[in-house]
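User: Hi! Could you walk me through this model?
Analyst: Happy to, ask away.
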Amino acid sequence: MSELVIRNLHVRVGDKEILKGLDLTLPQGEVHAIMGPNGTGKSTLAYTLMGHPNYEVTEGEVIFKGQNILELPPEERAHLGIFLAFQYPVAIPGVSLANFLRAAINAKRKALNPDDEGIPIAEFRKLLMDKMRLLNMDPSFAGRYLNDGFSGGEKKRAEILQMAMLEPEIAILDETDSGLDIDALRIVSEGVNALRGPDLGVLVITHYQRILRYIQPDKVHIMMDGRIVESGGPELAEHLEEHGYDWLRERVGA
Ligand code: ADP
Ligand code: MG
């Protein structure tokens with residue numbers, strides 16, 4: 001059983017410290033949500049975990065399978081079993097979603113075994129069909145060019161399918177703070193619910209309590225001013241919905 005352990009994480013963007021000693025443990029097999037007001041550093045955490053070059057780690061570590069993943073380039077984090085959903089996925093016209101997924105699977109296989117010759121096409125097709133059925137997706141969707149003219153909901157669907165195909169042990173999903181329509185929200189939630197199980201840990205980063213009506217998290221963490229200031233069960237999200245964040249402000253001296 002693997003877990004992702006974030007310890008005393010400090011991150012700067014330019015000369016501004018955004019994450020100020022964040023601690024969090026995400027066990028495989030659990031779904032955790034991070035909630036918090038705008039500007040609190042939620043997306044900074046997601047980008048840092050992805051290895052975005054603008055986010056400078058000044059202190060702390062993120063341990064997975066005995067390694068500090070902050071020392072690894074993004075693709076090696078993925079090969080280790082961590083899936084990081086992109087908030088704004090790029091379009092690749094001319095490359096079908098199926099081909100993209102096959103390339104992603106093969107890159108991972110190759111990283112784990114340099115002699116690997118790639119997933120046989122029949123096996124790939126079967127895996128793709130199985131996962132699309134599990135996620136209630138129309139098989140024709142896999143033939144579309146990646147993100148080319150995709151709606152917000154379709155981008156989310158492609159992202160969830162990618163997660164299903166790569167079978168990560170830890171998945172980190174950052175939700176857009178605005179414009180995440182109810183359709184996209186539903187797609188993400190249904191996908192997470194279909195894929196959740198003992199082999200997958202999920203961290204859902206969200207501005208909205210709303211998503212938690214669709215995903216029942218095992219734990220909820222509240223982030224303010226670059227730190228986790230409160231953790232609890234799903235009832236914490238309900239408390240937030242009713243009372244907002246004000247009752248927590250004194251904890252960060254804001
Ligand atoms: P959240 O996702 O919780 O709304 P963010 O992580 O996006 O918060 O932002 C936290 C703070 O970091 C904000 O004050 C934001 O202005 C700043 N910030 C984030 N990314 C950048 C960036 N690339 N350049 C400059 N400032 C940034
Ligand atoms: Mg954000």
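User: How far does a polar side-chain atom of Thr44 lie from an oxygen atom of ligand 1?
Analyst: The distance is 2.5 Å. A polar contact here is a pair of N or O atoms within 3.5 Å; within protein, one must be able to donate a hydrogen and the other to accept it, and residues adjacent in sequence count only if both atoms are side-chain atoms. Please keep in mind that this is a predicted model, where local features need pLDDT of at least 70, side-chain atom pairs count only at pLDDT 80 or more, and totals for chains, interfaces and linings use all residues. Residues are numbered from 1 along each chain as its sequence is written, chains are lettered from A and ligands numbered from 1 in the order in which they are written, and side-chain values use heavy atoms, with hydrogens and water left out.
User: And how much of ligand 1 does the protein bury?
Analyst: Taken alone, ligand 1 exposes 560 Å², and 64% of that is buried by the protein. Accessible areas come from the Shrake-Rupley method with a 1.4 Å probe; for residues, only the protein chains shown count as cover.
User: Which residues come nearest to ligand 1?
Analyst: Lys16, Gly39, Lys42, Ser43 and Thr44, out of 13 residues around the ligand (near means a heavy atom within 4 Å). Lys16 has a polar side-chain atom 2.9 Å from a ligand 1 oxygen, while Lys42 uses a backbone N or O atom, also 2.9 Å from an oxygen of ligand 1.
User: Which element gives the most to that shell?
Analyst: H1 does, with three residues. Helix H1 (42-50) and strand S2 (16-27) each supply at least two. Helices (H or I, at least four residues) and strands (E, at least two) are DSSP runs, numbered from the N terminus.
User: Switching topic: where does Thr40 lie, and is it buried or exposed?
Analyst: Thr40 sits in the loop between strand S3 (31-35) and H1. Thr40 is buried, at 6% relative accessible area (buried is under 20%, exposed over 50%, partly exposed in between, with a 1.4 Å probe and protein chains only).
User: What is Thr40 in contact with?
Analyst: Leaving aside neighbours within four places in sequence, Thr40 is in contact with Ile18, Met223, Met224, Asp225 and Gly226; contact means heavy atoms within 4.5 Å.
User: Last one: how many helices and strands are there in the protein chain?
Analyst: There are eight helices and 12 strands. Of the chain's 254 residues, 49% count as buried, and its C-alpha trace spans about 60 × 35 × 35 Å along the principal axes.
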